[in-house]
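Hi,

Here is the structure I said I'd send over.

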Amino acid sequence: MDVTIERFVWASELDARDLAAVNRIQNAVWAEWVPGERPMSDAAFVDMDRFSAPPERMERALARTPDGDVVGWGLVFWRDEPGGATLRMFVDPEGRRVGVGTALGALLTETARSGGRTGIMVEIAPDSAADAAVRSIEGFNVDLTMELNRTAVVDIGLDLLERWRDDGVAAEGYSLVAYDAPCPTDELALGFIRAREVMNEAPRSEGESESTYTVEELRAVEAASTAAHQDWWNVGVRHDATGEIVGISEMYLPDSRPWAVFQGDTGVRADHRGHGLGAWMKAVNHLRLAEERPDVESVQTWNADSNEPMLRINRALGFRPVQSFQVWYRPFSPLP
């Protein structure tokens, strides 16, 4: 198919017709991956798109036919730290196997290469249309397997959450600290930033960069979350003897998808594990969710299938995979 690839900066800048087409394609692909998936409104798609900020760089593009119809869209993103880039593409089910994905992928991959990245990562649902395509491209290697896990809020036992909370309160030498974004002080923000470095110990793809923040970058992410009309709950555990925050857990609550909550990072420093701190933080957020957001139906999170410690906590909360995604990585050769 003869298509023109056009870059765009934000979904909010697309005209109504193009935005509707991009979101329709997004919803159609997700419905293939997760049958019965509730479609997003155009406004919800715009909000989701707004939640990107430094230190990530994100480049977006769409594919248009000579008649002006949008038949696909994609994005590539990366952090400034050395490493690869992640490529995501969505092609209209009625317009596949005619070169749309190839054209989009070529432009976005070259964008990553010219940006100094070391390779490209894609996340593919097994047996999907993209699965056969990536297997046919020389140079892609199998990497992590990621689970998209969800739990129904009504199925989480309050007695379990209360027990985890009480066990955490009883853990000697630790106290809870929490805030709703934006963080009230730069000092507290820096404490959470340092604690978040533990996430670099979690399983990650060969091409995935380490995550680091400055306070200024965190403030930019907070501003993006506000622009996306979502609340952002942060819970941490402080080691009382040193005053250091040694664990974090977070939840994102989008206004435009009130039925869903997204569990973000949860991690505890290695030298403070074994005290139930991760379960404590999760219990606090889930108990608050049950009390303040009774209309929320499900909580979603992503886990590497090799991250057994976190999966153990999530399985106890009822999280189960609704889809698995195989990460493939293709290093650029020669390196840029």
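R97 sits in the loop that links β4 (85-91) to α3 (100-114). Keep in mind that this is a predicted model. Is R97 buried or exposed? Its relative accessibility is 74%, and the cut-off for exposed is over 50%, so R97 counts as exposed.

H229 is another non-glycine residue with a positive phi, near 55 degrees. You'll find H229 in the loop between α7 and β8 (230-239). With a relative accessible area of 40%, H229 falls between the 20% and 50% cut-offs and is therefore partly exposed.

Next, a cis peptide bond: it runs from A181 to P182, with omega near 5 degrees. P182 belongs to the loop between β7 (174-180) and α6.

That loop leads on to the helix pair. Helix α6 (residues 186-196) packs against helix α7 (residues 215-227) at an angle of about 95 degrees, and their axes are 10 Å apart. Angles of 65 to 115 degrees count as roughly perpendicular, so that is how α6 and α7 lie to each other. Which residues make the contact? On the α6 side they are D186, A189, L190 and I193, while α7 brings in V215, L218 and R219. Sorted by class, the contact of α6 with α7 has five nonpolar residues, two charged ones and no polar ones.

Cheers

Notes: Residues are numbered from 1 along each chain as its sequence is written. This is a predicted model: local features need pLDDT of at least 70, side-chain atom pairs count only at pLDDT 80 or more; totals for chains, interfaces and linings use all residues. Side-chain values use heavy atoms; hydrogens and water are left out. Axes are lines fitted to C-alpha atoms, for helices over the stretch in contact, and angles run from 0 to 180 degrees between N-to-C directions. Helices (H or I, at least four residues) and strands (E, at least two) are DSSP runs, numbered from the N terminus. Angles under 35 degrees count as roughly parallel, over 145 as roughly antiparallel, 65 to 115 as roughly perpendicular and the rest as oblique. Contact means heavy atoms within 4.5 Å. Ala, Val, Leu, Ile, Met, Phe, Trp, Tyr, Cys and Pro count as nonpolar, Asp, Glu, Lys and Arg as charged, and the others, Gly among them, as polar. Buried means under 20% relative accessible area, exposed over 50%, partly exposed in between (1.4 Å probe, protein chains only).
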